[in-house]
Amino acid sequence: MILQDKVALVTGGASGIGRATAIAFGAAGAKVVFSDIRGVEGEETADLIRETGAECLFVKSDVSSEADVRELVQKAIATYGRLDCAFNNAGIDLAVKPLHEQSIEDFDKIMSINARGLFLCMKYEIQQMLMQGAGVIVNNSSTNGLVALPGISPYVASKHAVMGLTRSAALDYAKQGIRINAVKPGPIATELMARSADQMGITFDDLGSMVPMGRMGQATEIAQAVVFLCSDAASYITGQPLTIDGGYTAS
Ligand code: NAD
């Protein structure tokens, strides 16, 4: 198996892309540590991973809290002894409205989870990876880390920040055995996207018809790309975004 005996961490693993990736890491042979702020849904993910025969640890934890993130990484190491792969995925979007109507509170909240939270995760993951002399990180950006959509300026800003952090960190550790990349999903059928579509007054079918391939993506299609980027098959890839969007940003 492509990640046999590796230890892999996922943030925001209670649903959507994070859940699919936690399951895919387990199926690829890794021991999985994953976090979320939602306990019940987190335990459901743990059950799904164990059903595949993989080992896992769920930690209820908030990426916007430095103490929580430090403890999450410590628990991964205390339980499984090391940290080989990390998928920094937890993220939110909030109100859909033009920039002048966006609240400062919403801007700060999105940045504190999507950008600052991801920075915190990398900070503590990398400390462990430096001691090991090896590690792989994948950050979840978005096609909105490259192109904008109207009405979601704080989200777009946060996803551009993820790309800046990814490229900078990749350069910081390129000679120290640590690879750092990002995925940029297009519209993927998850709870987050259902809430956004609802606010915009459009359906998943409408969203799918905006994509050259004529459909939305599935969370598992992002998960497989993350597993690839974490594997030795991607050994010369660092500092890069992998866009998985059915051709959305090709035009
Ligand atoms: P989702 O809402 O299904 O999953 C996000 C998970 O993150 C939830 O389980 C949520 O509880 C958790 N979370 C939220 N705040 C957290 C925090 N502070 N600490 C820990 N966990 C927290 O959404 P999703 O679509 O699977 O989104 C996952 C990531 O993918 C996000 O970063 C999102 O921006 C990104 N993304 C999604 C799409 C899409 O179309 N769905 C497209 C591009 C990028």
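This is a predicted model: local features need pLDDT of at least 70, side-chain atom pairs count only at pLDDT 80 or more; totals for chains, interfaces and linings use all residues.
Reader: Which residue in β3 is the bridge partner of V32?
Author: Strand β2, residues 31–36, and strand β3, residues 56–60, run parallel and are joined by 5 bridges. Together with helix α2, residues 39–51, these two strands make a right-handed β-α-β unit. Within this pairing, the partner of V32 in β3 is C56.

Reader: How many of the residues of strand β5 are buried?
Author: Strand β5 spans residues 135–140, and its residues point two ways, with G135, I137 and N139 directed one way and V136, V138 and N140 the other way. In a regular strand the side chains alternate between the two faces of the sheet. Both of these sets in β5 are buried, and the count of buried residues in the strand is accordingly given as 6 of 6.

Reader: Which residue of β5 is the bridge partner of N88?
Author: Strands β4 and β5 pair in the parallel sense over 4 bridges. The chain crosses from β4 through α4 to β5, and this β-α-β crossover is right-handed. In that pairing, the β5 partner of N88 is N139.

Reader: Which residue in β6 does V136 stand opposite?
Author: Strand β5 is also joined to β6, and these two strands run parallel with 6 bridges between them. Helix α5, residues 153–172, makes a right-handed β-α-β unit with β5 and β6. Across from V136, the residue in β6 is R179.

Reader: Why do the buried residues of helix α6 lie on the same side of α6, and what arc do they cover?
Author: The buried residues of α6, which spans residues 191–200, are M193, S196 and A197. They are placed on the same side of α6 because the arc that they cover around the axis is only 100°.

Reader: Is T190 buried or exposed?
Author: T190 is found in the loop between β6 and α6, and, leaving out residues up to four places away in sequence, T190 touches G16, I17 and F204. The cut-off for a buried residue is under 20% relative accessible area. The relative accessibility of T190 is 15%, so T190 counts as buried.

Reader: How far apart in space are V96 and V40, C-alpha to C-alpha?
Author: V96 is found in the loop between β4 and α4 and is partly exposed, with a relative accessible area of 25%. Residues that V96 touches, not counting those up to four places away in sequence, are G151, I152, Q199 and M200. V40 is 56 residues from V96 in sequence, and in space their C-alpha to C-alpha separation is 28 Å.

Reader: At what distance does a polar side-chain atom of R38 lie from an oxygen atom of the ligand?
Author: There are 30 residues around the ligand, and those that come nearest are S15, D36, Y155, I188 and T190. A backbone N or O atom of I188 lies 2.8 Å from an oxygen atom of the ligand, and a polar backbone atom of N89 is likewise 2.8 Å from a ligand oxygen atom. For the polar side-chain atom of R38, the distance to an oxygen atom of the ligand is 3.0 Å.

Terms used:
Residues are numbered from 1 along each chain as its sequence is written. Side-chain values use heavy atoms; hydrogens and water are left out. Buried means under 20% relative accessible area, exposed over 50%, partly exposed in between (1.4 Å probe, protein chains only). The arc is that of the directions from the helix axis to the C-beta atoms. Two strands pair if DSSP finds at least two bridges between them. A crossover is right-handed if, with the strands pointing away from the viewer, the path from the first strand over the helix to the second runs clockwise. A residue is near a molecule or strand if one of its heavy atoms lies within 4 Å of it. A polar contact is a pair of N or O atoms within 3.5 Å; within protein, one must be able to donate a hydrogen and the other to accept it, and residues adjacent in sequence count only if both atoms are side-chain atoms. Contact means heavy atoms within 4.5 Å.
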